[in-house]
Amino acid sequence: MPSIEDLWLRLYAALADVPALVSEVTRLASVLAKVRRDRANLVAAGRATLKADRDAEPDPLYYLRDELREQGHLPPDAWGRS
């Protein structure tokens, strides 16, 4: 059986990891929020594209292209906008 001193050393070592773990959880929560926001924006763009097609708009894919470009999945447009 480990001594009480050894148990305290193990406890302090475990507690020393807490700040790094909290930092990583915070970072991952931020990344997850961005992924969720990007996905929601893509869903909205997809729905707008379908609605524009039903309404016979001249360029129904505009909404989807715009969002894909905004997220960096397409190169900038002819006017250099992202």
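T49 is buried, with a relative accessible area of 9%; buried means under 20% relative accessible area, exposed over 50%, and partly exposed in between, using a 1.4 Å probe and protein chains only. T49 is found in helix 2 of a predicted model. Leaving aside neighbours within four places in sequence, T49 is in contact with P60, L61, Y63 and L64, where contact means heavy atoms within 4.5 Å.

**Basis of the values**

- In this predicted model, local features need pLDDT of at least 70 and side-chain atom pairs count only at pLDDT 80 or more, while totals for chains, interfaces and linings use all residues.
- Residues are numbered from 1 along each chain as its sequence is written, and side-chain values use heavy atoms, with hydrogens and water left out.

**Overall build**

- The protein has 3 helices and 0 strands, and its pattern along the sequence is α-α-α.
- Helices (H or I, at least four residues) and strands (E, at least two) are DSSP runs, numbered from the N terminus.
- The radius of gyration of the protein is 24 Å, whereas a compact globule of 82 residues would have one near 12 Å.
- That radius is taken over C-alpha atoms, and the globule rule is 2.2 Å times the number of residues to the power 0.38.
- The C-alpha trace spans about 80 × 30 × 15 Å along the principal axes of the protein.

**Surface and charge**

- Of the 82 residues of the protein, 11% count as buried.
- The protein carries 12 positive and 13 negative side chains, and the centres of the two sets lie 5 Å apart.
- Lys and Arg count as positive and Asp and Glu as negative, with His and the chain ends not counted.
- The place of a charge is taken as NZ of Lys, CZ of Arg, CG of Asp or CD of Glu.

**Helix 2**

- Helix 2 covers residues 18-54, which is 37 residues, and reaches 54 Å from its first C-alpha to its last.
- This reach is close to the 54 Å expected at 1.5 Å a residue, where the expected span is 1.5 Å times one less than the number of residues.
- The buried residues of helix 2 are D38, A45, T49 and A52.
- Helix 3 (62-70) is included in what covers those buried residues.

**Loop between helix 2 and helix 3**

- A56 lies in this loop, just after helix 2, and takes a positive phi of about 60° although it is not a glycine.
- Most residues other than glycine have a negative phi.
- A56 is exposed, with a relative accessible area of 64%.
- L61 is found in the loop between helix 2 and helix 3 as well, and counts as partly exposed at 45% relative accessibility.
- The C-alpha atoms of L61 and A20 are separated by 44 Å, and the two residues are 41 residues apart along the chain.

**Loop between helix 1 and helix 2**

- D17 lies in the loop between helix 1 (4-16) and helix 2.
- D17 counts as partly exposed, at 44% relative accessibility.
- D17 and P76 are 59 residues apart along the chain, and their C-alpha atoms are separated by 43 Å.
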